[in-house]
Amino acid sequence: MADCLEGDCLELKRKRVEQTKSIPAYETLLNIFERLMDVTAEGIDRVRDQLKPMPLSPYMENKFQEGLPLVDRKNFPVSDEAFDDLLDLFFSRLEGFSTAIDRDLKVLAEKRTDGKISGKRLIDQFVMGSETFLPYIFELGNINSHLLFFVLRSIFKICLIPFQDTLTEELMGLWEKGECPICGFPPDMGILRGEGGKLYLHCAICGHEWKYKRMACAFCGNDLQEELKYLEIEGDEVHKIYLCHLCKKYLKVIDSRSLPEGFHIFLDLEELTSLHLDVIADQQGYSPGINL
Ligand SMILES: [Zn+2]
Ligand SMILES: [Zn+2]
């Protein structure tokens, strides 16, 4: 399963965004999220001919069985040029959103001219994994790095669509890591689904969901029960926070069994609108899996 980016689910997702905007603290954030949703749908149309489902090659299968994620430079679905087109599209559609964003876009345009930001460079950094990609984008200068992260995440979500259905159930059963089997990045949310509440992790970048051990830290793999803690939120059956005393990271978790029947959950939206959980975890001295 992956995030809803186009098709029938988008209408429901839009409605949910509108409802959540009634909370004043989220209004600006959700306006940007909504704009990115629209541009993502437009971006998918732009590069659709490059987004054909990616069949599992023997090379990919071997790599996967060795514990490496599916994507790399050899099979990156979208060309460097198409990635540059997507950057142009996102930057142009964000113009006029606010003075602060316009100022950032100007800085980013300069960095594109001097070659610091290009499809090729960003893809190269990305396929090397989170250890190099995240610091790289956060060192790009005096800009709001969150905004750049949101834009790039939207673009990579588009580029990784071809992998979302590549893995068979059988192969997925072999993946025991806390990193995404498609892109190798850590999760930003977890969700308990089905009878007994199996834990699924949600990739912070591509939105892919995969099953993980319920009683282990998604970030360091620690499964010593005395080093793990689960925080319940008073008066809230749906949200929980999983804390790991060893790596000092936390995971926000939704218990979908406590949601009303038929309620469709959008984890990318949930991640954004559960800042109260981040505040609680932060107060206790824990950091998120992806540190922005
Ligand atoms: Zn991923
Ligand atoms: Zn840990």
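These exercises work through a predicted model, each with a solution in steps.

**Exercise 1. Overall dimensions**

Solution: 
- Next, the extent. The C-alpha trace spans about 50 × 50 × 35 Å along its principal axes.
- Then burial. Of the 292 residues, 34% count as buried.
- Last, contact range. Take contacts between residues at least 6 apart in sequence; 63% of them join residues at least 24 apart.
- The secondary structure comprises 11 helices and 7 strands.

**Exercise 2. The domain interface**

Task: Locate the two domains and find which helix gives the largest share of the side of domain 1 that touches domain 2.

Solution: 
- Domain 1 covers 9–163, and domain 2 covers 169–288.
- Over C-alpha atoms, they are 22 Å apart.
- Count the contacting residues. Domain 1 brings 21 and domain 2 brings 19.
- List the helices on the domain 1 side. At least two residues come from each of α1 (9–20), α2 (27–46), α3 (58–65) and α8 (145–159).
- Pick the main contributor. α1 supplies the largest share, 5 residues.

**Exercise 3. The nonpolar core**

Task: Identify which residues of the largest nonpolar core touch the most other members, and follow one of them, I155, to its contacts.

Solution: 
- Size the core. It has 66 residues.
- Find the element that gives the most. That is α8, with 8 residues.
- Check the domains. Domain 1 and domain 2 each contribute at least three residues to this core.
- Follow I155. Setting aside neighbours within four places in sequence, I155 contacts G43, F83, L86, L87 and F90.

**Exercise 4. Strand pairing around β1**

Task: Work out which strands pair with β1, in which direction they run, and why β1 is largely enclosed.

Solution: 
- Begin with burial. In β1 (residues 187–193), 5 of the 7 residues are buried, so the rest of the structure largely encloses this strand.
- Take the β2 partner. 6 bridges join β1 to β2, and the pair is antiparallel.
- G190 faces L201 in β2.
- Look at the turn. The β1–β2 hairpin has 4 residues between its strands, and G194 there has a positive phi near 70 degrees.
- Take the β6 partner. β1 and β6 (residues 249–255) run parallel, with 3 bridges. L192 stands opposite D255.
- Step onward from β2 (residues 198–203). 4 bridges join it to β3 (residues 209–212), again antiparallel. L199 stands opposite Y212.
- Look at this second turn. With 5 residues between β2 and β3, the hairpin has G207 at a positive phi near 80 degrees.

**Exercise 5. A loop residue**

Task: Decide whether A25 is buried or exposed.

Solution: 
- Locate A25. The residue is in the loop between α1 and α2.
- Count neighbours. A25 has 10 C-beta neighbours inside 10 Å.
- Apply the cut-off. A residue with 12 or fewer counts as exposed. Therefore A25 is exposed.
- Compare sequence and space. A25 and D49 are 24 residues apart in sequence, and their C-alpha atoms are 39 Å apart.

Technical notes: Residues numbered from 1 in each chain as written. Chains lettered and ligands numbered in written order. Predicted model: local features only at pLDDT ≥ 70, side-chain atom pairs only at ≥ 80, totals over all residues. Domains from an automatic or database assignment. Contact = placed C-beta atoms within 7 Å. Core = buried A, V, L, I, M, F, W, Y, C linked by C-beta atoms within 7 Å. Buried ≥ 20, exposed ≤ 12 C-beta atoms within 10 Å, placed from the backbone. Pairing = 2+ DSSP bridges.
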